[in-house]
Amino acid sequence: MRKILLMGLPGSGKTTLANALAPRLNAVHFNADAVRQEINKDLGFSVGDRIEQARRMGWLCDQVVKAGGYAIADFVCPTAGAREAFQVGGDATIVWLDRISKSRYADTNQLFEAPHPHHVRVSADGTPEHWAEVIVRMLRPVFDPQKPTALFVGRYQPFHEGHRRLIEEGLRRVGQVCIAVRATHGTSIKDPHDFEYIRARIEHGLRAYEGRFVVMPVPNVSHIFYGRDVGYQIERLELDAVTEAISATQIRLREATRSPLECFLGNA
């Protein structure tokens, strides 16, 4: 989940961890004190105001996530109600900084409820850089070539919604996929796009599955032969009729009348 809540008692190191984590994810960082000072000046620290602060912080993060980015909110978020409000627009990765037993604010100490469930529990051991790496590895897994992998071979001229749904089915069944792009660029009017353009389209379309797929160029594969069964199976994936009817030819015809940017964003 690209919406990340770094929560814990005041003085537990939330902002320090956020400053270490944000560059690793190229994330937008929302600090609660800054948001209160610049945007939420109307809110105090009553239970109701804390919940409203959490809702607004969540909304800010949701806008970043909708644009495809990572968003980090660092604030106390002390109660289950506040955390629920933060996640109204979308679930979040909950990181609990459990590094101190009490803060200098008695009212916050009394109000604070340990988060259950949470995804990462940060202890007093380890540097902010260490914990930032722990979180990054969880959020952005690295493709493992030794894990079972589904192979998709195609031209992807262009990569479209039908391709995306097909690959999602492969991801659902196997866990990770290798997308092999045939080197057909320029061989016919049906193959106008080069590999880098196709790869960018694929990576954009599958950005929610980061770390679970790899895109690579292959020669213009025209035949696939196999001999004895050596541990893999070949299977055709059949999707719903609407998806099967998506036509790359029709998409190419539409692209001919649109700008390159419109093509890139419109069909990925």
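By class, the residues lining the largest pocket comprise 18 nonpolar, 11 polar and seven charged ones, where Ala, Val, Leu, Ile, Met, Phe, Trp, Tyr, Cys and Pro count as nonpolar, Asp, Glu, Lys and Arg as charged, and the others, Gly among them, as polar. This is a predicted model, in which local features need pLDDT of at least 70 and side-chain atom pairs count only at pLDDT 80 or more, while totals for chains, interfaces and linings use all residues. Residues are numbered from 1 along each chain as its sequence is written, and side-chain values use heavy atoms, with hydrogens and water left out.

A pocket is an open set of points on a 1 Å grid over the protein atoms alone, where a 1.4 Å probe fits, with protein on both sides within 12 Å along at least five of seven lines; lining residues have an atom within 4 Å of a point. A volume is the space filled by probe spheres set on the points, which are joined across faces, edges and corners.

| Largest | About 1200 Å³ | 18 nonpolar, 11 polar, seven charged |

Of the 23 residues lining the second largest pocket, the closest to its centre are Pro10, Ala32, Asp33, Phe45 and Val76. Helix H1 is among the elements that give two or more residues to this lining, helices being DSSP runs of H or I with at least four residues, numbered from the N terminus. H1 is followed by Asn26, whose phi is positive, near 50°.
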